[in-house]
Amino acid sequence: MERLLRFLSGYVKIRIQGEQGERFLNLCRSRGITMRGLARGEDGSLVCFLSVRHFFLLSSIHKKTKVQIHILEKHGLPFFFVRSKKRKAFFLGILLCLLLLFICSGRIWNIHVEGNVQNSTPEILEFLGQQGISHGIRKSRINCGEIAASVRQNYPEITWVSARIEGTRLILTVEEGIFVQEKEEEQPEPCSIVADEGGTIIKMVTRAGIPQMKPGDVCKEGDILVLGRLDLRNDSQEIVRYEYVHADADVYIKRNLSYYAELPMEYETEVPLGKENKGGYLKAGDWYFQWGGQGGDGQHRIVEEYPLRITENFVLPVSVGKISVKAYEKQKKTYTEKEAKAEAFRELQEYEEKLMEKGLQISANNVKIEVDHKTCVSSGTLEIIEKIGRDTPVEVLEQPAERTTEDD
């Protein structure tokens, strides 16, 4: 901070010569004149740094001591302005820069939206643009209260809006309410659950309906697992009425899934040639200019584009891109037995991962991998556990005839 103040006020480097040098220093000290970097030269002279203000206080001391004072260097902002007084264009540039900063500081260059989840930021910015609120608008034309009211009116799910200006930023903070739409409960259609795959039932959790099978039973495709009909009986265990429900249950079975895959021992691969051609492009609207990065057959072309933006939501219609073109050639290779088995096992793992993504569990792997001269064959079965059952309309039976009793 002290160095900055010295630069702003200006300072000089001087040489003091004469017989009364020590008296000169004592008088400077008594009058509060600060000298920095005081040193004695080979010829006995004194060299030091003084501020411009203290330098002008040396006049009376100079007359008393009759020493010679020579200015060696001049530093600081005042001397810079004196040296640059003929550079009118430089000072004009500074003036224009300050004027530009003043003009830009009176406008909004960043519109920031926070707190929004249901409504995207681009959607809110587009709505503000329709209201005349966009990047570059003057601050004096912005009414934060009107902006908040228009946003609340246009977006019913937004319960609270706050708009404020901070510097050259317009910050819009919103809170969105959670509206639960009440739906009329519809009575589900009566149905039963039938098996859509065959296997051994290992688990059954029934929430509605009458189970027709139990864990340990073997079911086939189309078998009824849970019946959506309730038989109501009297004390004599005679059916007096049928009631129908929407069957609901979780049924898990264990079954074997066949797996077969062939992997040719000879394969074609792309080998990089080590040559890379780099380039780029500049795009502004429909105008496009590219340099380098030309590609063709036998080459991979990778393009990365970066749109230019001033702020997070102020994207310019200009973008630059980077192009990388790598040459390659196709070569035929042959797997070794170890490589072929490793690749076949990797494909088997990918197949198992896809099964697990569908919600299936793999309890046992009975797949064998064998290699001959031309192919690597993977064959066998996977023991899987899966949830089964699909709804099917329940057969509606005629209600039993009412039984009457005659009093004796």
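What follows is a working chat about a predicted model.

Colleague: How many helices and strands?
Modeller: The protein has 9 helices and 22 strands. Helices (H or I, at least four residues) and strands (E, at least two) are DSSP runs, numbered from the N terminus.

Colleague: And the radius of gyration?
Modeller: The protein has 45 Å, whereas a compact globule of 408 residues would have a value near 22 Å. The radius is taken over C-alpha atoms, and the globule rule is 2.2 Å times the number of residues to the power 0.38.

Colleague: What does the C-alpha trace span?
Modeller: About 150 × 80 × 50 Å along the principal axes.

Colleague: What share of the residues is buried?
Modeller: 28% of the 408 residues. Buried means under 20% relative accessible area, exposed over 50%, and partly exposed in between (1.4 Å probe, protein chains only).

Colleague: Contacts next. What share of them joins residues at least 24 apart?
Modeller: 65%, among contacts between residues at least 6 apart in sequence. A contact has heavy atoms within 4.5 Å.

Colleague: Which strands make the open sheet?
Modeller: It has 4 strands in the order β10-β12-β8-β22, with antiparallel pairing. Two strands pair if DSSP finds at least two bridges between them.

Colleague: Which of those stand at the edges?
Modeller: β10 (210-211) and β22 (390-393); each has a single partner strand, so one side of each is left without a neighbour in the sheet. For β10, 2 bridges join the strand to β12 (residues 224-227), antiparallel, and I210 stands opposite L227 in β12.

Colleague: What about β9?
Modeller: β9 (residues 199-208) pairs with β11 (residues 218-219) over 2 bridges, in the antiparallel sense. With β15 (residues 248-264), β9 also pairs antiparallel, over 7 bridges. T200 stands opposite V218 in β11 and opposite K254 in β15.

Colleague: Changing topic: T173, buried or exposed?
Modeller: T173 counts as buried because its relative accessible area is 16%. The residue is in strand β7 (residues 169-176).

Colleague: Which residues does T173 touch?
Modeller: E114, W160, V161, S162 and R164, leaving aside residues up to four places away in sequence. The C-alpha atoms of T173 and I133, 40 residues apart along the chain, are separated by 16 Å.

Colleague: Where does R141 lie?
Modeller: In the loop between α7 (121-130) and α8 (144-154). R141 is exposed, as its relative accessible area is 55%. Its C-alpha atom is separated by 9.4 Å from that of R107, 34 residues apart along the chain.

Colleague: I wanted to check the backbone too. What is phi of K66?
Modeller: Near 60°, a positive value in a residue other than glycine. Most residues other than glycine have a negative phi. K66 lies in the loop between α4 (59-65) and β4 (68-75), and K66 counts as exposed because its relative accessibility is 66%.

Colleague: And Q237, where is that?
Modeller: In the loop between β13 (229-233) and β14 (239-244). Q237 is not a glycine, but has a positive phi of about 60°. With a relative accessible area of 56%, Q237 is exposed.

Key:
Residues numbered from 1 in each chain as written. Predicted model: local features only at pLDDT ≥ 70, side-chain atom pairs only at ≥ 80, totals over all residues. Heavy atoms only, no water.
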